[in-house]
Amino acid sequence: MRSGIAGTGSYIPECRVTNDMLAARMDTSDEWIVSRTGIRERHLSAEGTAAMAAEAARRALEDAGMTAEELDWILVATVTPECFFPSVACQVQEALGAKKAVCYDLSAACSGFLFGLQTADAYIHTGMARNVLVIGAEAMSRLVDWKDRSTCVLFGDGAGAAVVTAVSAGGIRTGVLGCDGSRGDSLICSTGHSADGIPFLEGTGEDGEAAPTSLAMDGREIFQFAVRTVPEVIREALAQAEISTEDVSLFLLHQANARILTSIGRSLHVPMEKIPENLAHTGNLAAASVPVLLDEVNRAGRLQRGDTLVLAGFGAGLTWGAMVLEW
Ligand code: COA
């Protein structure tokens, strides 16, 4: 049994923060941010990851014409849960009343939605599930260091969701995922928990204070990784589907940087009209990036039944993935 996307939804929080608003607080400028990244503004969440995820999910279920009770699984891709446990997926289950769903979170950073879709496809393919809700949701504003101008200007908050269901024709054709843990340090955010020692014996962590997180990125290394790896993984997914770039209507790529998108387009010889961008108003939404873009093009009426789409992501881990699907 193949799987396909029956409905999409997204949620972007109300609070809008422009580059000029950042420049009023730190040594940066609209000109620097726009010319280096293409980002003009981002939205920051007052409500948190689980609430944004639940709202995107409600909209996706409505678009699919499905009720929450029909969901077999809920998968949430996120690196910004409010709690270590329970999972965001369980919080979404409660918010939706999706009583029979099995729920868990998965962590693959900005590639997370692709990993979730591939997992949903496998469950449906093997008959373990019929309807899977896949969500990418992030409150990156909770994670970034607002004193580090080299990273905090890049990210935003939001959530996107897709209802994946069994289909008799079309749907997901191929998916290719990859990871390289040896390059994990090039984009890393520690929990503040040490990998060494025994806190109880060493008397640390006794004051009950939360351990500080710290996000560190080698921007140039990540840039090079993205422009090299994303075209490669897209070519691999297309080859497995036995189609070429000309057969693809839209390439929905992780929205990290407009220059990365342009470079990928050039490398694949794909015109930029086929590579939609929304990062100017969202910033980098990590795992929420691809599903929010998918929902935006869907609601804008840019997807016709039978269209071939490529979805692709890359991010910390390092992780990457591409998927070919028929709408
Ligand atoms: N405002 C103004 N100046 C800034 C700045 C900011 N927000 N952030 C950094 N700078 C400064 C740096 O301090 C540096 O100054 P110096 O030359 O005096 O040391 C200068 O700008 C150039 O920094 P550099 O890192 O060389 O810029 P860049 O052209 O590589 O662009 C990124 C930086 C982060 C925009 C770019 O590397 C990038 O987008 N990489 C990919 C990141 C990404 O996509 N991450 C998410 C992956 S999912």
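**The ligand and the elements around it**

Modeller: In this predicted model, the ligand takes up the space of the second largest pocket. Several elements give two or more residues to the shell around the ligand: α2 (30–37), α6 (149–152), α8 (219–241), α9 (258–268) and β12 (308–315). The largest share comes from α8, which gives four residues. In total, 23 residues surround the ligand. By class, ten of the residues in this shell are nonpolar, eight are polar and five are charged.

The closest residues are T28, R36, G219, R220 and N257. Three of these names come back when single atoms are examined. For T28, a polar atom of the side chain lies 2.6 Å from a nitrogen atom of the ligand. For R36, a polar side-chain atom lies 3.0 Å from an oxygen atom of the ligand. With G219 the backbone is involved: one of its polar backbone atoms is 2.9 Å from a nitrogen atom of the ligand. Taken on its own, the ligand has 970 Å² of accessible area, and the protein covers 73% of it.

Is F223 buried or exposed? Its relative accessibility is 19%, and the cut-off for buried is under 20%, so F223 counts as buried. From F223 to A23 there are 200 residues in sequence, and their C-alpha atoms are 24 Å apart in space.

The loop between α8 and β11 (250–253) holds E242. This residue is not a glycine, yet its phi is positive, at about 55°. Because its relative accessibility of 74% is over 50%, E242 counts as exposed. A second residue has a positive phi too: H269, also not a glycine, with a phi of about 55°. The place of H269 is the loop between α9 and α10 (279–282). H269 is exposed, since its relative accessibility is 70%.

L318 is found in the loop between β12 and β13. The peptide bond that joins G317 and L318 is cis, and its omega is about -5°. T319 belongs to strand β13 (residues 319–326). What does the side chain of T319 meet? It makes a polar contact of 2.8 Å with the side chain of S111. T319 counts as buried because its relative accessibility is 6%.

There is a further cis peptide bond to note, this one between F85 and P86, with an omega of about 0°. P86 sits in the loop between β4 (73–77) and α4 (88–96).

Two more residues complete the account. G136 is part of strand β6 (residues 131–139). Its relative accessible area is 0%, so G136 is buried. Between G136 and D105 there are 31 residues along the chain, and the C-alpha atoms of the two are separated by 9.7 Å. V292 is in helix α11 (residues 289–299). V292 is likewise buried, because its relative accessible area is 0%. The C-alpha atom of V292 is 21 Å from that of C103, a residue 189 positions away along the chain.

Of the elements named on the walk, α8, α9 and β12 each give two or more residues to the shell.

Notes. Residues are numbered from 1 along each chain as its sequence is written. This is a predicted model: local features need pLDDT of at least 70, side-chain atom pairs count only at pLDDT 80 or more; totals for chains, interfaces and linings use all residues. Side-chain values use heavy atoms; hydrogens and water are left out. A residue is near a molecule or strand if one of its heavy atoms lies within 4 Å of it. A polar contact is a pair of N or O atoms within 3.5 Å; within protein, one must be able to donate a hydrogen and the other to accept it, and residues adjacent in sequence count only if both atoms are side-chain atoms. Accessible areas come from the Shrake-Rupley method with a 1.4 Å probe; for residues, only the protein chains shown count as cover. On a 1 Å grid over the protein atoms alone, a cavity is a set of points where a 1.4 Å probe fits but cannot get out, and a pocket is an open set with protein on both sides within 12 Å along at least five of seven lines; lining residues have an atom within 4 Å of a point. A molecule sits in a cavity or pocket if more than half of its atoms lie within 2 Å of its grid points. Ala, Val, Leu, Ile, Met, Phe, Trp, Tyr, Cys and Pro count as nonpolar, Asp, Glu, Lys and Arg as charged, and the others, Gly among them, as polar. Buried means under 20% relative accessible area, exposed over 50%, partly exposed in between (1.4 Å probe, protein chains only).
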